[in-house]
Amino acid sequence: MAHEFNAPRDAGVLRNDGIDGEAVRRARVDLAACLRMAARLGLHEGICNHFSAMVPGRDDLFLVNPYGLAFREITASSLLVCDFHGNVVEGAGAPEATAFHIHARLHLRRPGARAAFHTHMPYATALSMVEGEPLAWAGQTALKFYGRTAVDEAYNGLALDEAEGDRIAAAMGGADIVFLRNHGVMVVGPTIAEAWDDLYYLERTAEAQVTAMSTGRRLVPVAPEIARRTCEQMRAGDAESARLHLESVKRILMREEPDFAH
């Protein structure tokens, strides 16, 4: 299902201290931690899903997991640095083709999306496959996403060119989460921690909703004005909560899978 992206290395791309500093090292560790924990929680699918993050201090380079490695195999040093033209500036290997075409175009079109996580995680993907709005706003955790989602209704096959990446980015608009109809989800955030936090709670939301739907009984949505106010309450503390969430992930991994940070 996955496809390697074939792009030659361009020795002319500048490799300066913009990709060698401590902030970049921290971003590598954070992104690797997200990939490892996603594998533990079953949020991945083979070698087909991809997480990316803009290189700190740069608006033209991004980190992404390489083609052919499962999330469980990723280390901080195995992540690639790519530019928006498909050149691998640092790292061994190449990105998966759809990873490049989706993430490069999304980061280019949404400068505020410093991190972008795409998965086929089962419960959220299940909700992308049924008619109507994916989320029913019937559980408290779901309200974290109230007013922050979009749906890309036009499944168009694999994203193997820039045009499809542009189309997905346009469908996302200003939303933080897009349900890709018949496909999966994309989550973006201003930091790696916030993208991870949203990804985690989105799947928990979807799992609770699918479980409730399986009873055959009618879901009871929260009133819109209460949903909106609750989302505002949650969002007020999201950045710090997300940071602490990711720190807890890294502590767990340092005890049990310390090689992730290598």
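**Strands, helices and a pocket**

Reply: Happy to! Strands β5 (residues 115-119) and β8 (residues 184-189) run antiparallel and are joined by 5 bridges. Keep in mind that this is a predicted model.

Me: Which residue in β8 is the bridge partner of Thr119?
Reply: That would be Val185.

Me: And how does α1 sit relative to the sheet?
Reply: Helix α1 packs on the sheet, where it touches β1, β2 (61-64), β3 (80-83), β4 and β5. The direction of α1 makes about 160 degrees with that of β1.

Me: What does α4 touch?
Reply: Helix α4 (residues 162-172) also packs on the sheet, with contacts to β6, β7 (177-180) and β8. Its direction makes about 140 degrees with that of β6.

Me: Nice. In what order do the strands of the sheet come?
Reply: The order is β4-β3-β2-β1-β5-β8-β7-β6. These 8 strands form an open sheet, and the pairing is mixed.

Me: Which strands stand at the edges?
Reply: Those are β4 (88-90) and β6 (149-152). Each has a single partner strand, so one side of each is left without a neighbour in the sheet.

Me: By how many degrees are neighbouring strands turned against each other?
Reply: On average by 25 degrees, direction ignored.

Me: How many of the lining residues are charged, and how many nonpolar?
Reply: The lining of the largest pocket has 7 charged and 9 nonpolar residues, plus 1 polar.

Me: Last topic, the overall picture. How many helices and strands are there in the protein?
Reply: There are 7 helices and 8 strands. The radius of gyration is 18 Å, close to the 18 Å that the globule rule gives for 262 residues, so the protein is as compact as a globular protein of that length.

Me: And what box do the C-alpha atoms fill?
Reply: Roughly 60 × 40 × 30 Å, taken along the principal axes.

Definitions and conventions. Residues numbered from 1 in each chain as written. Predicted model: local features only at pLDDT ≥ 70, side-chain atom pairs only at ≥ 80, totals over all residues. Heavy atoms only, no water. Nonpolar A, V, L, I, M, F, W, Y, C, P; charged D, E, K, R; others polar. Pairing = 2+ DSSP bridges. Helix = DSSP H or I, 4+ residues; strand = E, 2+ residues; numbered from the N terminus. Axes fitted to C-alpha atoms, helices over the stretch in contact; angles between N-to-C directions. Contact = heavy atoms within 4.5 Å. Rg over C-alpha atoms; globule rule 2.2 N^0.38 Å.
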